[in-house]
Amino acid sequence: MSELAHGTLAGLAEIAGTGRDSRRGGYSRHLWQGADLELRAWFVERAERTGLLVETDRNGNLWAWWGEPGPDAVVTGSHLDSVPGGGAYDGPLGVVSALEAVARLKASGFTPSRPLAVLVFAEEEGSRFGIACLGSRLLTGGIDADRARALVDADGITLAEAARRAGLDPAHLGADRDALARIGLFLELHVEQGRGLVDLGRPVAVASSILAHGRWRLTVTGQGNHAGATPMPGRRDPVVAAARAIVAVQDEALNHPGARATVGRLEVVPGGTNVIASSVHAWLDARAHTDADTRALVTAIGAAVSEAVTVNGCSVAVTEESWTGTVTFDPDLVGRFRAALGGAAADGTDGTDGGAALVPALPTGAGHDAGVLAASVPSAMLFVRNPTGVSHSPEEFAEVADCVAGIDALETLLRSLL
Ligand code: GLV
Ligand code: MN
Ligand code: MN
Ligand code: MN
């Protein structure tokens with residue numbers, strides 16, 4: 001990232017060394033732990049240097065205000081946390097771009113007619129407490145506060161305790177109507193997490209929709225025992241049963257066109273080389289075009305894994321941990337933004353026109369805080385081309401020129417809104 005060291009994307013260079021994960025590769029930046037705390041401090045310092053007033057809300061989201069806080073503010077931002085071993089752009093690109101766009105507006109002498117805030121959401125990836133978009137769900141009341149307080153991380157620390165250690169009052173976690181009422185419109189710039197823009201040969205898009213998606217915990221239970229003293233016949237080994245269940249997950253997803261189902265995290269209990277496990281937790285991420293398609297997929301997966309684990313004398317319980325229905329970004333807003341960016345939406349097309357427009361409108365399979373906020377306030381997203389098409393991986397990438405095109409687009413939209 002050395003070519004970023006100066007100029008528009010200096011912010012990305014400044015945080016390039018924070019949270020590097022030498023074991024996994026890429027970055028591991030998890031809520032209120034070392035790297036995340038450093039990034040939060042960096043954001044406060046950067047925003048204050050840009051002349052913004054920073055405050056932390058009841059749920060640990062950071063707001064940097066230009067003008068008096070709310071109401072009817074234009075709010076833009078993203079997140080600074082990452083998946084384990086994630087890329088440099090998912091989240092930080094939106095934060096850095098927002099700060100840069102505001103710095104440009106200020107430098108040009110622009111006077112906004114309504115307040116603006118740069119917003120950094122807490123725990124977008126759900127890597128520490130398991131619930132994606134936790135900060136925006138808490139803010140909007142999309143997760144029950146008692147349930148949230150009781151979430152635990154890998155070390156058994158509750159969210160309530162982690163919040164207390166971070167200087168928040170755990171009793172105040174949860175729906176924050178006052179903070180939400182300040183948002184007139186939310187706009188999130190994000191690196192694209194697929195190949196849409198690469199295939200269209202365009203640097204920037206406006207988002208049109210997000211797949212329905214959720215997370216479920218599959219708990220496979222067997223009989224813990226001694227690895228040497230237990231003959232192979234008659235074992236009830238939940239690791240072998242989980243392997244069958246995971247193949248069944250893949251097969252069901254392949255049976256549902258357009259659906260995606262992934263098991264990317266496993267926990268073997270108790271987890272010893274010479275121990276037949278007693279249980280396995282496998283986390284399922286499932287996504288599809290409509291809420292009904294996704295529900296049908298998960299129902300089919302539930303039946304398939306129940307059957308699969310019986311071969312090894314095990315049972316499985318399926319528990320829903322989070323859910324986000326299909327998000328369709330407001331077509332009016334999408335059209336207006338494409339028109340403002342010189343796209344062809346003024347002709348009434350829906351943007352999925354294969355590249356006729358300068359600024360296409362693209363769907364995505366990735367979840368975002370903008371998707372959670374869309375249920376409460378007008379929301380929109382800008383995507384920046386990712387030439388690798390890879391994300392949630394160190395190979396995620398964006399060319400400097402495309403990032404600059406994204407910031408140009410964001411600045412144009414902010415000017416039109418302010
Ligand atoms: C968040 O990045 C998600 O879509 O899982
Ligand atoms: Mn992500
Ligand atoms: Mn993201
Ligand atoms: Mn995301």
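Tutor: A residue is called buried if 20 or more other C-beta atoms lie within 10 Å of its own, exposed if 12 or fewer do, and partly exposed in between, with C-beta atoms placed from the backbone. This is a predicted model, in which local features need pLDDT of at least 70 and side-chain atom pairs count only at pLDDT 80 or more, while totals for chains, interfaces and linings use all residues. Residues are numbered from 1 along each chain as its sequence is written, and chains are lettered from A and ligands numbered from 1 in the order in which they are written.

The unreviewed UniProt entry gives the annotation "binding site" to Arg-215, Asn-274 and Arg-287; UniProt positions follow the numbering used here, feature names are shortened, and annotations may be inferred rather than shown by experiment. These residues are spread over 73 residues of sequence and are also spread in space, with up to 36.4 Å between C-alpha atoms.

Arg-215 belongs to strand β7, residues 212-221, where strands (E, at least two residues) and helices (H or I, at least four) are DSSP runs numbered from the N terminus. Arg-215 counts as buried because 21 other C-beta atoms lie within 10 Å. Leaving aside neighbours within four places in sequence, Arg-215 is in contact with Trp-283, Leu-284, Asp-285, Glu-321 and Ser-322, contact meaning that the C-beta atoms of two residues, placed from the backbone, lie within 7 Å.

Asn-274, by contrast, sits in the loop between β9 (260-269) and β10 (275-276), and Asn-274 is exposed because it has 8 other C-beta atoms within 10 Å. Beyond residues up to four places away in sequence, Asn-274 touches Ala-227 and Gly-228.

Pro-270 also lies in the loop between β9 and β10, and the peptide bond that leads from Val-269 to Pro-270 is cis, with omega near 0 degrees. Most peptide bonds are trans, and most residues other than glycine have a negative phi.

Two further residues deserve a look for their backbone. Glu-123, which is not a glycine, has a positive phi of about 50 degrees; Glu-123 is in the loop between β4 (116-121) and α4 (134-140) and is buried, since 29 other C-beta atoms lie within 10 Å. His-392, likewise not a glycine, has a positive phi of about 55 degrees and is found in the loop between β15 (379-384) and α13 (400-417), where His-392 counts as partly exposed because it has 18 C-beta neighbours inside 10 Å.
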